[in-house]
Amino acid sequence: MRKLLTVIFAMTITMVANAQAEPEYKMEIGAGAGLASYVGDYNSNPLKGMQPWLALVAKYRLDPRVALAFDLGTAKLKGEAANEEYQFSHQMTEADVRLEYNFWPYGTGLEYRGAQRFTPFITLGLGTTLYGGPEDGATMNLPIGAGIKYKIGNRLNLTAEWAMRFTLSDKLDGRKDPLGIKSSGLFKNTDGYSVLQIALTYDLWEKCKTCNNDRY
């Protein structure tokens, strides 16, 4: 019995040592691809008219539950009027900063006790959108969405997310207030777009666990 307890104790110490030896990382960097669609006067369905979307992605982990995400993405916004001969196809590019909140601590479980490889998350942020067309310009956007994360390797992360971008402009479709709708408010009668994205990122910038007693 004493030998069995000794073996169990030794195994426990080994597991704890291995868990503490796994490094933590502060950054993720990678790329995303997916679909984007215009939502406005000529389309109210965020899944209609989707076009290819490409993005560069970077994230800074504040802790296992919270991260700052930086996106630089581009796509075409397409649409048409059902009752008139009007179609548009305008290139759009955005740069966003978003806060991601994980429902569960995210990680391999070795670098941080209780972390899990899979977690759902929600996201909220602020960004800038540049759009083309006859009424080309720039506007602010407010991304709101949700998604899931899965750590497919010790340093590889797979993310799937959907987010709606609400903008301050009514010119993404090339026409300002074509339906003549009178409204007021920050996001009343403005255009927007949705983005469905899958991203692959790689962990960088190893965290120093002994620097200034910096621990979670």
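A residue is called buried when its relative accessible area is under 20%, exposed when that value is over 50%, and partly exposed in between (1.4 Å probe, protein chains only). Buried residues make up 38% of the 216 residues in this chain. Please keep in mind that this is a predicted model: local features need pLDDT of at least 70, side-chain atom pairs count only at pLDDT 80 or more, and totals for chains, interfaces and linings use all residues. Residues are numbered from 1 along each chain as its sequence is written, and side-chain values use heavy atoms, with hydrogens and water left out.

**The chain as a whole**

Helices (H or I, at least four residues) and strands (E, at least two) are DSSP runs, numbered from the N terminus. The chain has one helix and eight strands, in the order α-β-β-β-β-β-β-β-β along the sequence. Contact here means heavy atoms within 4.5 Å. Among contacts between residues at least 6 apart in sequence, 62% join residues at least 24 apart. The chain exposes about 12,200 Å², and carbon and sulfur atoms supply 63% of that area; accessible areas come from the Shrake-Rupley method with a 1.4 Å probe, and for residues, only the protein chains shown count as cover.

**Cavities and a pocket**

On a 1 Å grid over the protein atoms alone, a cavity is a set of points where a 1.4 Å probe fits but cannot get out, while a pocket is an open set with protein on both sides within 12 Å along at least five of seven lines; lining residues have an atom within 4 Å of a point. Grid points are joined across faces, edges and corners, and a volume is the space filled by probe spheres set on the points. For the lining classes, Ala, Val, Leu, Ile, Met, Phe, Trp, Tyr, Cys and Pro count as nonpolar, Asp, Glu, Lys and Arg as charged, and the others, Gly among them, as polar.

The structure holds two cavities of 30 Å³ or more.

| Space | Volume | Lining by class |
|---|---|---|
| Largest cavity | about 140 Å³ | seven nonpolar, one polar, six charged residues |
| Second largest cavity | about 40 Å³ | two nonpolar, two polar, five charged residues |
| Second largest pocket | about 180 Å³ | three nonpolar, four polar, three charged residues |

Which residues lie nearest the centre of the largest cavity? Of its 14 lining residues, they are Y25, R61, D63, P64 and Y106. Strand 1 (24-39) and strand 3 (66-80) are the elements that give two or more residues to this lining, and strand 1 has the largest share, with three. The second largest cavity is lined by E22, P23, E24, Y25, R61, T108, E111, N154 and D203.

The second largest pocket has a lining of Y42, N43, K48, G49, K78, G79, E80, A82, Q87 and F88. Strand 3 and strand 4 (87-102) each give two or more residues to it; the largest share, three residues, comes from strand 3.

R61 belongs to strand 2 and counts as buried because its relative accessibility is 12%. A polar contact is a pair of N or O atoms within 3.5 Å; within protein, one must be able to donate a hydrogen and the other to accept it, and residues adjacent in sequence count only if both atoms are side-chain atoms. The R61 side chain makes such a contact with the side chain of D203 (2.7 Å) and reaches the backbone oxygen of Y25 at 3.5 Å. Its C-alpha atom is 10.0 Å from that of E24, 37 residues away along the chain.

K48, one of the pocket-lining residues, lies in the loop between strand 1 and strand 2 (51-61). K48 counts as exposed because its relative accessibility is 51%. Leaving out residues up to four places away in sequence, K48 touches S37 and N43. K48 and S37 are 11 residues apart in sequence and 6.5 Å apart in space, C-alpha to C-alpha.

Finally, W205 lies in strand 8 (residues 192-207) and has a positive phi of about 65° although it is not a glycine.
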